[in-house]
Amino acid sequence: MNNRRPSSTIEDSLEQFLKINNYEDTVKQLDSYYGMVKRQLLRYQSPITGLFPKLSSNQEIGSVRDSVYCASAVWGLYQSYRRIDDDRGKSYELGQSTVKCMRGILSCWIKQAQRVELFKKNQCSQHALHVKFNITTGDVVLGDDEYNHLQIDVVSIYLLYLVQMITSGLQIIYTQDEVAFVQNLVYYVERAYRTPDYGIWERGSKANDGTPEVHASSIGMAKAALEAINGCNLFGDKGASWSVIYVDIDAHNRNRSIFETMLPRESSSKEIDATLLTTISYPAFATHEDDLYAATKQNIINKLRGRYGFKRYSRDGYKTVLENKNKRYYNRGEIKNFENIECEWPIFYIFMIIDGVFRSLPEQIVEYQELLKPLIFTDQNGDPFISKCFYVPEENVVKEKAKPGSTNRQPYAEPGLYLWNQAIFILAQLLTEGLLHVNELDPIRRYLPSYNRPRKAGRYSAFQGTATDLVVQIVLIAESMRLQAMMATYGIQTQTPHEVEPVQIWSSTQLVKVYEHLGVNHKLNLQGRPVRPIGSLGTSKIYRICGSTVLCYPLIFEVSDFYLYRDMELLIDDVKTELQFVGRYWRLSGRPTVCLLMKEEHMRDPQFKKMLDLLAMLKKGYCEGIKVRIGRLQNLISSSCVEHLDFTNILDVDFSEESAHQFKQLEHDYIGYQSLTDIHTVSHCNEELLDYSHFAKKPTCDIIAELQKTTNIYIQCQLYGFLLKNESKLYKVGDATVEERLQQIYYQAGCVKHWAAVRYTSSLLRHNVYSISPFITAVLVHGKQLTVGVVGQTETVFDKPMTPAEIQSVMYTTVQPHDVIQAVLQQEVILYCGRLISTDPELFRGILKIRIGWVLEAIKLYLQFSGSKKQLEDNSPYELRKLLLKVLSINEWATKEKLTTYQRRQLEGCLCRVPKHFYNDVWDVITRTPHGIRVMGNLIPQQPTLSNMTKSEITFSLLVEEMLNHIQKPAYRQLVVELLSIVSTILCRNPELSFNQPLDLEQLVKDAATTYCNDFNISDVKISYLFDINYTQSMGYLARAVVNNILNGQQKDLSVENDLCHVQ
């Protein structure tokens, strides 16, 4: 024992000595970085606004993005100093400098509160918040016509760091006015998924021509900000119920799904962009899908990494010697000049170091530290600094273009420090030297998947990731006791509105009215939440509003002007889709609770038995792979996701009116329905669809006389349509106006399921599908475009998100004048395409431009092939959806159902589907065709096409698509697609060949047809013969035509017929 004691004392003393020594070392290191932060960052912070400039030499313009990153470095050092017991005031100073910056930005933006209000209604650059201000006064310095201020990522990164800093204990938000403003900033970024902006590089499209684009990096930042700020109390631990921020869970989900759909791509013009590193890793950590993260990161490394940093994106002319510094925008085709000489940015080496720290990848940290070392210089104080970027000097341009990476670059000489570099470098150093822990730089643990983050204790919903065994809870609400009794005979237990009391059943539109008060501030003229529908995820929460408990039923049960809600089979399908959607995309703590309404009008529908079958399936606990649980609402509340709308408690607003409009129970004296056979069901109307277009130009008296004679509903629709056009909607026929008559027919036709008449009157009444905009956006963000229009007439392209009013205007000016019913039919198909592409994107593989008029043409052809006597417009909405699914999945059933080659080419041609890598093949062809490619009088020239675009650009694919769309015969179009694939294969296997004349595709098809007719001794040469023959045969004839054209009649065996791949 005596021997051990001295040893123990020595060890204790040694340990104490080391602790003191380590403490002193830590203080010395921190003081060293404190000096660096003071000299390189805080020295340039405005003492008035707290903003930082982009370059230290610029003392006029403060940049919001650079200010946030500088504040993050100052805050990072503040977090490090909090470990020190006596920091002699340094920690407080750093913390308050951070607060000053964040409040300075807030102050600048609050002055522009009216812009936020306008942007909520119309997301455009004229209403965007400015991202550069006078560094001293906080006033506007660059107008909307001088600078591209629409940069969603700036507002998002501000919100993200705001939450991080408040969570660390800083008090940044002081007043109720500021809370309301931040809530409105959330509304500002919620629609990032459908807002083309100018992105982090402030230039929009790669072409730098002033065109904004939807950027994955902006959407990812918005997604991260929405996740971070949801349920955040802006007053921190001292917060009140009214200082909490709320996020629309459905808006978050749209941003998430679209962001993950776009990755690893940045935008339609940029295949890849280095800024995605900041989105998938620090600071946003916007995806925790390992495959997406790895693919995006590897893509950036493979395509953009150089010896001096990462290129921002390919053909980026910024700061290159060939860029004209006096021009704001480039000329068309100018970006070709910058290929292979793009500047390299060392800041992305630093981001890779930080990524390595967060991901625990020591080898990556060392690798990028070694790459960074030669690029670090020291200033007069001995502080390290890093140049903004490295460029290729003029004398090396030709050599670098010929052999990328072979020449030395020079640092871009700008007066002063590039503060973004310095801020991120300081953070990287603090992390790698162990002075700052990842949990201190990321207190809300964004770097962890949401299910691994500390659970928020409180009254507000929180993101927790996907539960592996998620159960979707279902509450069945019957409209009346007799409906409840009838369903009980089939073993299906429901509750009436009286039985769930005191819980109230609301429609989502009532909830929208409550949310309209969130963020209202009369001093700033802010109106609160825009009138946007509450989606499927939002209606799956239970709400506490002013002491009342509320459950909302989903949008699919809303009664709207549009006729889709009248189709029981469609409703059944929508219920399944709703449950699958909620089960797949629910990310909140607590279970989702879906309210299914059973109405008496459903009972009278002939298809109600199918609804009972669905409910019986749900009782078993599964719905197409999703776990479900039907139960009494009172039993399900404890496990539900409950959202407390505490902001309603301080409002001087009476919500009793909303309670008064809750879903009401029908009262009946008799509740004796025992089964479906007791109920009188509505019969279908099967009258003939007669065309009365010959009455269009007849006088009004003749039309009225005919109306008095006919009982045919469809004829009446047409005749009232002619009166509407010739007279007006207020023209009286008997005791009612034309508009009132049409509404009567619309209701009558709906009751008897006369779908052609329903659609005809709906179009005449200019109805619009409720909330169609998100479905168009869903198509666009999958990298596709939509066109509407009648076949043979002008088409309108939807290439950017549109408002419902804009969509209605297009439908009723482009479509209705040529085909009344198609004005609503095409809306239906857009809706179905938007849903299908979100759940099953493979159906649209190979289709770049979804031409709705031609899709309807494909459905008509299929009906013809299958021998159906029913006209397209007389199919129910559900049947139309099934038909759309059928034609889109042609590859799965064409052989089994014995479609002829001609029929298959017709359907594929209508769908505008092309083989995999088709557009890349066309690019390869055009590189070997100096005089371009021609079809139907339209030419794609080799130049400036190759200069303006790159192989993988969507803009090039759309150019090819535009050329093909001039071909009006679907089978012919498909033959031309096959021909181009064959030309590419031949040129690929014979690198010495090229075309000396324009590649005339029409002539090649004619030559192939001539050869075919000669082989079979057919004197009357017709191209249509090629439509009927199988793919192998047509490939052979097309290949022979191509070879003959190349060789100008010379004999040369290229073995094309034997080894060409099968083109389909």
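**Note on a sheet, its covering helix and the aromatic pairs**

1. Helix α30 (residues 852-865) lies across β21 and β23 and runs at about 65 degrees to β23. Here contact means heavy atoms within 4.5 Å; axes are lines fitted to C-alpha atoms, for helices over the stretch in contact, with angles from 0 to 180 degrees between N-to-C directions. Helices (H or I, at least four residues) and strands (E, at least two) are DSSP runs numbered from the N terminus.

2. The model is predicted: local features need pLDDT of at least 70, side-chain atom pairs count only at pLDDT 80 or more, and totals for chains, interfaces and linings use all residues. Residues are numbered from 1 along each chain as its sequence is written, and side-chain values use heavy atoms, with hydrogens and water left out.

3. The open sheet comprises three strands in the order β22-β21-β23, with mixed pairing; two strands pair if DSSP finds at least two bridges between them. Since β22 (796-798) and β23 (849-851) stand at the edges with a single partner strand each, one side of each is left without a neighbour in the sheet. From one strand to the next the twist averages 25 degrees.

4. Strand β21 (residues 785-788) pairs with β22 in the antiparallel sense over three bridges. T787 has V797 in β22 as its bridge partner.

5. Rings of Phe, Tyr and Trp (its six-membered ring) pair if their centres lie within 6.5 Å, with planes under 30 degrees apart counted as stacked, over 60 as edge-to-face and the rest as tilted. The count by this rule is 40 aromatic pairs. Y318 and W345 are stacked, because their ring centres are 5.8 Å apart and their planes stand at 25 degrees. This pair links distant parts of the chain, 27 residues apart: Y318 is in the loop between β3 (310-311) and β4 (344-345), and W345 is in strand β4. Both Y318 and W345 are buried (under 20% relative accessible area, 1.4 Å probe, protein chains only; exposed is over 50%, partly exposed in between).

6. F351 and W420 have ring centres 6.1 Å apart and planes at 65 degrees, so the pair is edge-to-face. F351 in helix α11 (residues 347-358) and W420 in helix α14 (residues 419-432) are 69 residues apart, and the pair links distant parts of the chain. Both F351 and W420 are buried.

7. One aromatic cluster includes Y318, W345, F351 and W420, and among its other members are Y69, Y161 and W201.

8. A charge sits over a ring if NZ of Lys or CZ of Arg is within 6 Å of the ring centre and within 35 degrees of the ring normal. The charged end of K90 sits over the ring of Y34, 5.5 Å from its centre. R103 lies over the face of Y174, 3.7 Å from the ring centre.
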